[in-house]
Amino acid sequence: MALESTPIANRLAATFAAEVKSPNLTSETIRESGRAIYETYLEHKVLVFRAQDITARTFADFGTIFGRPEEHHVLKLRHPEEPTLTWLSNQNEPGRNKEMKTSGQGWHSDYSYKLVPGSATMLHGLEIPDTPGGDTLFADAEAAFAALPEERKAYLRTLRVRHQYRWSPDREDPWARWKYIGPEERKQTPEITHPLVRRHPDTGRETLFIQPRIIGSVIGIDGLPEDESTALIDELIAHITSDAFVYRHRWSPLDVVVWDNRCVLHSATTKDLDEKHVRRLLRLTTAGSAVTPSLPEVGHSRRSPNSSD
Ligand SMILES: O=C(O)CCC(=O)C(=O)O
Ligand SMILES: [Fe+2]
């Protein structure tokens with residue numbers, strides 16, 4: 001039977017995030033309700049499907065609703081059978097760096113340091129401990145922008161932000177990604193400049209596209225003196241991540257959660273969970289769409305000619 005009806009979704013936070021009560025995820029509903037699920041995702045930005053006892057194959061199929069699933073370049077993160085899936089774990093896994101146990105801690109939007117950043121990210125909670133900790137936090141950067149005074153919005157629309165995967169104000173900081181990669185990989189992580197206010201390719205709505213400096217690998221606001229740039233970034237992050245715009249997801253086993261990196265920031269909190277409690281999730285991301293500036297004169301994302309190293 002055709003199921004092209006609108007999914008039933010209940011709002012979880014003030015401005016965004018919804019739990020989808022129906023349909024359950026099966027090959028059939030993914031095929032028949034995929035478009036309707038995508039529309040619901042555009043409306044709520046984060047979708048939660050509870051208790052989805054699905055195979056890795058079905059989860060990989062689910063990913064195709066949200067764009068083209070991307071194969072991860074780090075082979076040791078990949079799922080053994082499904083090339084578009086990786087898995088997250090807070091345990092010491094063979095061949096993995098210690099830092100990977102808590103990856104994603106700190107506010108960010110996935111792959112913002114790329115010329116074309118990530119689109120959707122989704123997780124399936126395979127092993128979730130029956131204890132507090134290990135929540136995922138989400139912040140609605142679109143609602144945060146909409147809530148600003150008009151004059152402030154007009155100024156922010158004119159700015160650009162410098163991003164670079166390996167940049168850090170302190171290279172020796174244990175979180176500095178500089179330390180994760182070798183000389184060849186460093187050459188492949190050029191500085192990228194994105195507009196600070198971007199327009200969503202599907203909804204046309206404007207969003208603040210900014211992250212904290214260390215975790216998000218943001219060098220600063222293009223053309224501003226460092227102190228002014230840092231003060232502005234800190235102010236914007238504090239605003240976006242204030243309680244009014246945050247949803248905290250407490251995981252239950254077999255939850256599926258999908259979010260839109262084009263308008264939402266997120267943060268893992270795995271460091272709050274004792275390692276004796278096992279947390280393992282499957283992960284899939286879809287290829288992004290180019291960052292569209294709110295004002296055309298600000299220009300699209302580009303590789304910076306003065307790449308710092
Ligand atoms: O483990 C989590 O809660 C989120 C990790 C993360 O940032 C991601 O999967 O992109
Ligand atoms: Fe992430």
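A polar side-chain atom of arginine 279 lies 2.9 Å from an oxygen atom of ligand 1, a polar contact being a pair of N or O atoms within 3.5 Å. This is a predicted model, in which local features need pLDDT of at least 70 and side-chain atom pairs count only at pLDDT 80 or more, while totals for chains, interfaces and linings use all residues. Residues are numbered from 1 along each chain as its sequence is written, ligands are numbered from 1 in the order in which they are written, and side-chain values use heavy atoms, with hydrogens and water left out.

**Ligand 1**

- Threonine 136 has a side-chain N or O atom 2.6 Å from an oxygen atom of ligand 1, and for a polar side-chain atom of histidine 108 the distance to an oxygen atom of the ligand is 3.1 Å.
- Of the 300 Å² of accessible area that ligand 1 has on its own, the protein covers 97%, as computed by the Shrake-Rupley method with a 1.4 Å probe.
- The residues around ligand 1, each with a heavy atom within 4 Å of it, include Leu88, Asp110, Trp259 and Arg283.
- This shell divides into four nonpolar, five polar and three charged residues, where Asp, Glu, Lys and Arg count as charged, Ala, Val, Leu, Ile, Met, Phe, Trp, Tyr, Cys and Pro as nonpolar, and the others, Gly among them, as polar.

**Second largest pocket**

- The lining of the second largest pocket divides into six nonpolar, three polar and four charged residues.

How values were computed:
A polar contact is a pair of N or O atoms within 3.5 Å; within protein, one must be able to donate a hydrogen and the other to accept it, and residues adjacent in sequence count only if both atoms are side-chain atoms.
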